[in-house]
Amino acid sequence: MSSLTFKCKVRDKYRLDMSWLSKINTSDLSSIKNIKINYGNKFHKLTDLFLISGNDFKNIKILNSNNKLDNIGNELTNKNITITGSVGNGLAKNMNDGRIILKGNAEKNACSGMAGGSVFI
């Protein structure tokens, strides 16, 4: 199995709440691609915002990240996330378990409320 990979397509003025990422619990790529999330004032399928590949939802990669992506790893449990690029607010907020590796910078409130797991910035 290869890591579930999200390559960010957007670098816009809107912030994107990434807390949905911690809740993915399926390897079915088609159902992951069809998840709808709020961006701006509309709901979009993930494929509108990311190029998505892979099927190992326990090992996630985020490529081409930027400081508009907030709450990556929010309430994370039993997953590994590797991020290439900077992230927005709330990295690993309320994280319970797992590992996050950030190859970039984090904005405000990184690791706030974190109860377990590891974060490497």
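**Start inside the sheet**

Select Lys 61 first: Thr 82 in S8 stands opposite Lys 61. This is a predicted model, in which local features need pLDDT of at least 70 and side-chain atom pairs count only at pLDDT 80 or more, while totals for chains, interfaces and linings use all residues. Residues are numbered from 1 along each chain as its sequence is written, and side-chain values use heavy atoms, leaving out hydrogens and water.

Now widen the selection to strand S8 (residues 80-85), which runs parallel to S6 and is joined to S6 by five bridges. Strands pair if DSSP finds at least two bridges between them.

Next, show strand S1 (residues 3-8), which pairs with strand S6 (residues 56-65) in the parallel sense, again over five bridges. Click Phe 6 and look across to Ile 62, its bridge partner in S6.

**Zoom out to the chain**

Colour by secondary structure: the protein chain has two helices and 10 strands, counted as DSSP runs (helices H or I, at least four residues; strands E, at least two) numbered from the N terminus. From the N terminus on, follow the order β-β-α-β-β-α-β-β-β-β-β-β.

With the C-alpha trace on, its principal axes span about 35 × 30 × 20 Å. Finally, colour by burial: 40% of the 121 residues of the protein chain count as buried, meaning under 20% relative accessible area with a 1.4 Å probe, protein chains only.

Notes. Buried < 20%, exposed > 50% of the residue type's maximum accessible area, 1.4 Å probe, protein only.
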